[in-house]
Amino acid sequence: MSESPAHRPLAGILWMLLTGLCFVAVTATVKHLGQAVPAAQAAFLRYALGLVFVIPMIRPMLRSGLGRRGATLAGLRAAAHTLAVILWFFAMARIPIADVTAMNYLAPVYISVGAALFLGERLASRRIAAILVALAGALVILRPGFRELSSGHIAMLFTAPAFAVSYLMAKRLTAEISPLAVVGLLSVGVTIGLAPFAAVVWVPPTPVQLLWLLLVAFFATAGHYSMTRAFEAAPLAVTQPVTFLQLVWATLLGIFVFGEAFDPWVVLGGSMVVGAVSFISWRESALRRRAATPPDAAAKL
């Protein structure tokens with residue numbers, strides 16, 4: 001009997017490791033560009049240049065059989081992602097890499113809170129405790145009152161929930177269409193969404209800047225593809241803890257490549273957030289397995 005595509009933990013972990021490496025490479029390249037290109041324009045050029053990598057995805061997109069519901073999900077995901085990438089590019093040029101990476105981990109927490117507030121999902125006491133730990137971790141990272149918060153930190157407070165919406169819809173889309181189609185639809189949708197914002201702040205980019213943004217497009221496209229493959233291969237409870245390595249890599253990159261100071265509070269706060277998010281993912285997976293197990297079978301476990 002062939003192995004279920006939703007229960008291949010090793011494959012999910014390896015795909016998520018590759019995702020982390022790709023996104024750290026994106027972070028490093030955007031950090032290198034700095035504020036030379038406006039955030040909206042840099043984000044647009046990253047996606048516009050990245051359309052060259054969508055060419056292999058055209059056939060899967062055409063064969064996906066995307067219905068009205070899938071098209072709506074893809075459109076809403078593109079809109080949320082458009083907002084998120086503008087804010088992320090803005091923040092990346094202004095605050096340390098480790099800060100951006102650590103605050104990005106809050107996305108699953110926003111998903112849990114939003115599901116309770118708007119979808120009527122019940123929040124058990126353990127999940128509430130994990131959410132409180134994650135929010136405490138965010139306060140450790142930001143330390144309001146103990147250090148000056150820049151516009152980049154404020155932008156990241158809105159970036160995480162926007163990415164949360166995008167990732168949640170990506171998870172739903174993988175149940176309907178192939179990972180290649182999911183990534184291709186995102187690339188096309190976000191390019192269209194970013195165009196008017198880029199036009200307002202447009203400055204002529206240099207050839208070297210275009211080459212760097214092409215590199216961003218390559219790693220980002222590869223990262224989104226490997227992330228959807230991780231979602232397809234294993235539950236979030238398996239793949240989510242792996243994302244902690246992104247904080248380790250980002251911190252080392254900031255220290256040794258960009259000369260950023262090591263901030264133990266950011267690492268501590270990020271660890272609290274990742275631990276809480278991993279616990280939430282594990283509990284969600286456990287509850288789903290319990291709900292899917294017939295009573296007689298459960299008694300045998």
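**View 1. Helix 1 and helix 12 approach to within 9 Å and cross at roughly 30°.** The view is taken from a predicted model. Helix 1 covers residues 9–33, and helix 12 covers residues 244–256. Because angles under 35 degrees count as roughly parallel, helix 1 is roughly parallel to helix 12. The crossing of the two is right-handed. Helix 1 contributes Leu17, Gly20, Leu21, Phe23, Val24 and Ala28 to the contact, while helix 12 contributes Leu245, Gln246, Trp249 and Leu253.

**View 2. Helix 7 spans residues 125–142.** Its 18 residues reach 26 Å from the first C-alpha to the last, close to the 26 Å expected at 1.5 Å a residue. The buried residues in helix 7 are Arg127, Ala130, Ile131, Ala134, Gly137, Ala138, Val140, Ile141 and Leu142. An α-helix has 3.6 residues a turn, so residues three or four places apart point the same way. After helix 7 comes Arg143, which has a positive phi near 50°.

**View 3. Helix 9 packs with helix 10 at an angle of about 140°.** Helix 9 is formed by residues 179–201 and helix 10 by residues 207–233, and their axes lie 9 Å apart. The two helices are therefore oblique to each other. Helix 9 and helix 10 make a right-handed crossing. On helix 9, Pro179, Leu180, Val182, Val183 and Leu186 take part; they meet Thr221, His224, Tyr225, Thr228, Arg229 and Glu232 of helix 10. Sorted by class, the contact of helix 9 with helix 10 holds six nonpolar, three polar and two charged residues.

Technical notes. Residues numbered from 1 in each chain as written. Predicted model: local features only at pLDDT ≥ 70, side-chain atom pairs only at ≥ 80, totals over all residues. Heavy atoms only, no water. Axes fitted to C-alpha atoms, helices over the stretch in contact; angles between N-to-C directions. Helix = DSSP H or I, 4+ residues; strand = E, 2+ residues; numbered from the N terminus. Parallel < 35°, antiparallel > 145°, perpendicular 65-115°, else oblique. Left-handed = near helix turned anticlockwise from the far one by under 90°. Contact = heavy atoms within 4.5 Å. Expected span 1.5 Å × (residues − 1). Buried < 20%, exposed > 50% of the residue type's maximum accessible area, 1.4 Å probe, protein only. Nonpolar A, V, L, I, M, F, W, Y, C, P; charged D, E, K, R; others polar.
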